[in-house]
Amino acid sequence: MAIRKSHKLPQTAVLKQILKRCSSLGKKHGYDDDGLPLDVPKGHFAVYVGENRSRYIVPISFLSHPEFQSLLQRAEEEFGFDHDMGLTIPCEEVVFRSLTSMLR
C-alpha cells in the first residue's frame, strides 16, 4: 500500500469549504441572488447520491456526525471538492437513506 502525502485542512476548514461550495453553485434558474438554491431551506444543503445522482436535502447538523463525516471523506477522496457537479456522495442510495434516517 502506498503512503500518500496528506495536505489535509483542519476539519472546520473542510466543513466551511463544503458549505461554501454547496452554496455557490451558480446563479442560474432556481437560485436566488446569493447563488443559493430556492428549494433548499435555511440550515440544509443538497447532496447527490448513487449512480443516478439522486438529490437529497440534508440538515447542516449532519456535518457534526462522524458517520456523515466519513461519507464526506470518501467523497473528497473520490471526487474532490473542486468540480461543477455539486457535492456527490459515493455510496448506494439505500445505504445513504439508512444512515441519514439514523442521524435524524
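**A hairpin, a mixed sheet and the helices around it**

Strand 1 and strand 2 form a hairpin with four residues between them, and in the turn Gly-50 has a positive phi of about 85°.

Phi of Arg-53 is near 50°, which is a positive value in a residue other than glycine. Is Arg-53 buried, partly exposed or exposed? With a relative accessible area of 30%, Arg-53 is partly exposed, because that value falls between the cut-offs of under 20% for buried and over 50% for exposed.

Of its 104 residues, 35% count as buried. The accessible surface of the chain is about 7200 Å², and carbon and sulfur atoms contribute 53% of that area. Among the contacts in the chain with a separation of 6 or more, 46% are between residues 24 or more positions apart.

The mean pLDDT of the protein chain is 79, and 67% of the residues score at least 70. Helix 1, residues 11–23, has the lowest confidence, with a mean of 66, whereas strand 2 has the highest, at 94. Where pLDDT is low, the predicted coordinates should not be read in detail.

The three strands form an open sheet in the order 2-1-3, with mixed pairing. Its edge strands are strand 2 and strand 3, each of which pairs on one side only. In general, strands of a sheet pair through backbone hydrogen bonds, either parallel or antiparallel. How many bridges join strand 1 to strand 2? There are six, and the two strands run antiparallel. Strand 2 comprises residues 54–59, and within it Pro-59 is the bridge partner of His-44. Strand 1 pairs with strand 3, residues 88–89, in the parallel sense over two bridges. In strand 3, Ile-89 is the bridge partner of Val-49.

Tyr-48 illustrates both pairings. Tyr-48 stands opposite Arg-55 in strand 2, and Tyr-48 also stands opposite Thr-88 in strand 3. Strand 1 covers residues 44–49, and five of its six residues are buried, so this strand is largely enclosed by the rest of the structure.

Helix 2 runs over residues 66–79; at 1.5 Å a residue, its 14 residues should span 20 Å, and this agrees with the 20 Å between its end C-alpha atoms. Which residues of helix 2 are buried? They are Phe-68, Gln-69, Leu-71, Leu-72 and Ala-75. These residues cover an arc of only 155° around the axis, which puts them on the same side of helix 2. An α-helix has 3.6 residues a turn, so residues three or four places apart point the same way. On the other side of helix 2, Pro-66, Glu-77 and Glu-78 are exposed.

Glu-78, which lies in helix 2, has a relative accessible area of 54%. Because exposed means over 50% relative accessible area, Glu-78 counts as exposed. The C-alpha atom of Glu-78 is separated by 7.5 Å from that of Pro-90, and the two residues are 12 residues apart along the chain. Just after helix 2, Gly-80 takes a positive phi of about 75°.

Helix 3 comprises residues 93–103, and its buried residues are Phe-96, Leu-99, Thr-100 and Leu-103. These residues cover an arc of only 95° around the axis, which puts them on the same side of helix 3. What covers the buried residues of helix 3? The cover includes strand 1, strand 2, helix 2 and strand 3.

Key:
Residues numbered from 1 in each chain as written. Predicted model: local features only at pLDDT ≥ 70, side-chain atom pairs only at ≥ 80, totals over all residues. Heavy atoms only, no water. Buried < 20%, exposed > 50% of the residue type's maximum accessible area, 1.4 Å probe, protein only. Pairing = 2+ DSSP bridges. pLDDT = per-residue confidence, 0-100. Contact = heavy atoms within 4.5 Å. Areas by Shrake-Rupley, 256 points an atom, 1.4 Å probe, with all protein chains shown as cover. Expected span 1.5 Å × (residues − 1). Arc of directions from axis to C-beta.
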